[in-house]
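Colleague: I would like a close look at a single part of this model. Please walk me through it in plain steps.

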Amino acid sequence: MKVDYSIVAPIYNEIENIPELYRRVKEVMSATGGTWELLLVDDGSTDGSTEAIRALAMQDEHVRPIIFARNFGHQIAITAGWDYARGDAVIIIDADLQDPPEVIPELIAKWKEGYQVVYAVRTEREGETWFKKVTAAAFYRLIYRITDVKIPVDSGDFRLMDRRVVNVLKTMRERHRFPRGMSAWVGFKQIGVPYKRAARFAGVTKYPFKKMLKLALNAITGFSYFPLQLATYFGFISAGIAALAIPLVIIMRLMGSHFFEGQATTLIAVLFLGGVQLISLGVLGEYVGRIYDEAKGRPLYVLSEEPEE
Ligand code: UDP
Ligand code: MG
């Protein structure tokens, strides 16, 4: 069965948010006049969200549960949404209502104007720590500078994508994912819609610092070789300094100067280069590990039950 709109919400322990999310999405989507479905992707919740999703699906056939066998992460949950969505337009939204469903009609309006990717841009953020705001702002700008794809600054995963775009994304099976980067990469006609990011309706963030760091690494390694090239730059700089220093020291010795003598200088040089080499090895390891993960070719996620058609 085909529908006009698929709303995809990844859910990891959001029991308190599910009824409100459903209520507001239903209200907004009923007003659009189109047919719609709400895909609730349960990313291995342990707080009863799974049962709540199943109960909702029994009660309203707009709701389609996709239940993971364990926690695979937000990005993978979005991927499952792309895979199972049947809509002509697919809308990704956070389950904690930080992305207000009331913005969806604006996204749809732009889509009807002919844009295939309509991303929501956060002009303001409510109820988030200064640490999160500062790291997020720095992150978006760093990514923008060092990646080859121009990923719009301050846009999250909250966006509408046309069926054609989703069909392309479905063929991109990379393991370490950065969905908003992938959706910028495909091209097509894209446009941003500003919105105010609300505070969480209930519960706490499921994105601790470690997960944020992992996502940042996915973004960088997935869309840039810059960290690998850093080793080359450092190599040229050190070699350049050495090439200048060697004749300088020889001349100074011949002139009887004892400058640059002693263990400290040697130690500093060795430690500095050793450090740079180890960091470069680590960077290399990061990329090699990702190649290894891809080579294994495991499925991106495992469902605990086959979803109904
Ligand atoms: N989420 C998920 N799997 C995870 C972590 C988060 O599906 O491992 C979902 C979460 O339920 C929410 C969305 O991803 O719907 C965004 O997470 P969160 O609100 O915790 O992130 P933040 O807004 O704080 O960056
Ligand atoms: Mg949130």
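What follows is a request about one residue, and then a longer reply.

Colleague: Where is Arg159 placed, and which residues does Arg159 touch?

Modeller: Keep in mind that this is a predicted model. Start with the place. Arg159 sits in strand 6, which covers residues 155–162. Next, its surroundings. Arg159 is buried. Buried here means under 20% relative accessible area. Arg159 carries a charge, as Arg counts as positive. Yet Arg159 has no salt bridge. The nearest side chain of opposite charge belongs to Asp157, and it is 5.2 Å away.

Arg159 does have a polar partner. Its side chain reaches the backbone oxygen of Gly156 at 3.0 Å.

Now the contacts. Leave out residues up to four places away in sequence. Arg159 then touches Val90, Ile91 and Ile92, among others. Its list also includes Leu107, and Val117, Val118 and Tyr119. Arg180 and Ser183 are on it too.

Asn218 has a relative accessible area of 6%, so Asn218 counts as buried. The side chain of Asn218 reaches a backbone oxygen as well, that of Arg177, at 3.4 Å. Beyond four places in sequence, the contacts of Asn218 include Gln75, His176 and Phe178. Arg177 and Arg290 are also among them.

Note on methods. Residues numbered from 1 in each chain as written. Chains lettered and ligands numbered in written order. Predicted model: local features only at pLDDT ≥ 70, side-chain atom pairs only at ≥ 80, totals over all residues. Heavy atoms only, no water. Helix = DSSP H or I, 4+ residues; strand = E, 2+ residues; numbered from the N terminus. Buried < 20%, exposed > 50% of the residue type's maximum accessible area, 1.4 Å probe, protein only. Salt bridge = Lys/Arg side-chain N within 4 Å of Asp/Glu carboxyl O. Polar contact = N/O pair within 3.5 Å; in protein donor to acceptor, adjacent residues only side chain to side chain. Contact = heavy atoms within 4.5 Å.
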